[in-house]
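Thank you all for coming.

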Amino acid sequence: MAWDEQNNFANDTLPEVSDRSSLMQVNITALGATYGVPEVLQTWGSTCSTVLREAIATANVEKGEKDVAYEQYQFKVDDAHELSVNIKAATIALVRDSENGMELLDEYGATGETPRTRMGLQAFTDRYKKTYDRLVLASDARVLPDPVVALLVSTCADMIKLWHYAQVERQESATAYDTLHALQKEYAQKFRAIYTIVVIMAGKYSPDLLLLGFAPATPPPGHGQPGTPTGLMVQGTSYSTTVSCDETDSATSYQLKYSGDGEDWFELYSGEQYTYTYNPPVGNRSYKVRARNKNGFSGWSKVVEFEPPEVPL
């Protein structure tokens, strides 16, 4: 699990909120009753992870639909641009050498650069169709076949429809993320309320805080917690690395964390063993460990860095 160890809930990232809410949902019913958490907060906590997961899933779906809608729209813009280029070329070949040919090409909108934007392509299509309709009524032969012009008009219409659809999807995606952000704000307030109540009833050093997604404070020496683990050692290869420390008196469990940059720390293992083996990613990592018993956590051990050597195939 990864979260702010200062319990600054308002600063939690979405993964941190998710980690906290997962533990909260599992343990709030039992621990909430033990420490007198109001029923309304217990009820909220009993479903908070499910609600958050659903909101995240909805936001991801809406973003995906928005991305697809914009991709389809952009494809249609490209189609409209390519078609406009070809129609201009065909129109120039048909009209340029005729009487007042250049004036007519200008009326068609067939001079200058072909627009690449939705609004530019729409303006070109409207102008071209207006000139085409006038020439047809005048029985002027300097027009392209009707199916070609109809294709230009329909392509432009499809482009506009896809633009409006993309705007709808953009708004729905924004709404889903607004809902998610509102949940994050609500969760920060609820976490703060539950944390405060449990600290009042159990103390800021209580290991039960960890079960609810909170970080217990590290008590000063002499409060019955284990001593700080010593002998932290990391050894192994890129296929199998073992992190271990000396067994600590009165410890009932250990928490091992790692960092890739020495600033952000993430839990690698939590349990009764003081040795842990895993298959690490490539690169250097820092490690630290602390011990725990019913009275709280010890301080953190010294930090050890290790980069597993590559094993030849």
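How close do the axes of α1 and α3 come, and at what angle do they cross? Before I answer, please keep in mind that this is a predicted model, in which local features need pLDDT of at least 70 and side-chain atom pairs count only at pLDDT 80 or more, while totals for chains, interfaces and linings use all residues. Residues are numbered from 1 along each chain as its sequence is written, and side-chain values use heavy atoms, with hydrogens and water left out.

Now to the answer: the axes of α1 and α3 come within 7 Å of each other and cross at roughly 145°. Axes here are lines fitted to C-alpha atoms, for helices over the stretch in contact, and angles run from 0 to 180 degrees between N-to-C directions. The helices (H or I, at least four residues) and the strands (E, at least two) are DSSP runs, numbered from the N terminus. On the α1 side the contact, meaning heavy atoms within 4.5 Å, is made by L14, V17, S18, S21, S22, M24 and Q25, and on the α3 side by C48, S49, T50, L52 and I56. By class, this contact has six nonpolar, six polar and no charged residues, where Ala, Val, Leu, Ile, Met, Phe, Trp, Tyr, Cys and Pro count as nonpolar, Asp, Glu, Lys and Arg as charged, and the others, Gly among them, as polar.

Helix α4, residues 101-108, and helix α5, residues 118-137, pack at an angle of about 130°, with their axes 7 Å apart. That makes α4 oblique to α5, given that angles under 35 degrees count as roughly parallel, over 145 as roughly antiparallel, 65 to 115 as roughly perpendicular and the rest as oblique. The residues that make this contact are L104, D106, E107 and Y108 of α4, together with F124, R127, Y128, T131, Y132, R134 and L135 of α5. They divide into six nonpolar, one polar and four charged.

Staying with α5 for a moment, T125 lies in this helix, and T125 is buried, with a relative accessible area of 5%; buried means under 20%, exposed over 50%, and partly exposed in between, with a 1.4 Å probe and protein chains only. Leaving aside neighbours within four places in sequence, T125 is in contact with L152, V153 and C156. T125 and A80, which are 45 residues apart in sequence, are 9.3 Å apart in space, C-alpha to C-alpha.

Which residues have the most contacts inside the largest nonpolar core? They are M24, Y187, F191, I194 and F214, in a core of 26 residues, a nonpolar core being a set of buried Ala, Val, Leu, Ile, Met, Phe, Trp, Tyr and Cys residues joined through side-chain atoms within 4.5 Å. The elements that give two or more residues to this core are α1 (14-34), α2 (39-45), α3 (48-95) and α6 (146-202), and the largest share, nine residues, comes from α6. Apart from this core lies another, of 15 residues, among them L256, L268, Y278 and Y287.

Helix α6 also holds D146, which is partly exposed, with a relative accessible area of 46%. The C-alpha atoms of D146 and L212, 66 residues apart along the chain, are separated by 71 Å.

Next, the strands. An open sheet of three strands has the order β1-β2-β5, with antiparallel pairing; two strands pair if DSSP finds at least two bridges between them. β1 (233-236) and β5 (275-278) stand at the edges with a single partner strand each, so one side of each is left without a neighbour in the sheet. Direction ignored, neighbouring strands of this sheet are turned by 15° against each other on average. β1 and β2 form a hairpin with four residues between them, and they pair in the antiparallel sense over four bridges. Within that pairing, T241 in β2 is the bridge partner of G236, and V234 stands opposite V243.

Finally, two loop residues. S139, in the loop between α5 and α6, has a positive phi of about 55° although it is not a glycine, and S139 is exposed, with a relative accessible area of 67%. In the loop between β2 and β3 (253-259) lies S250, whose phi is near 70°, a positive value in a residue other than glycine.
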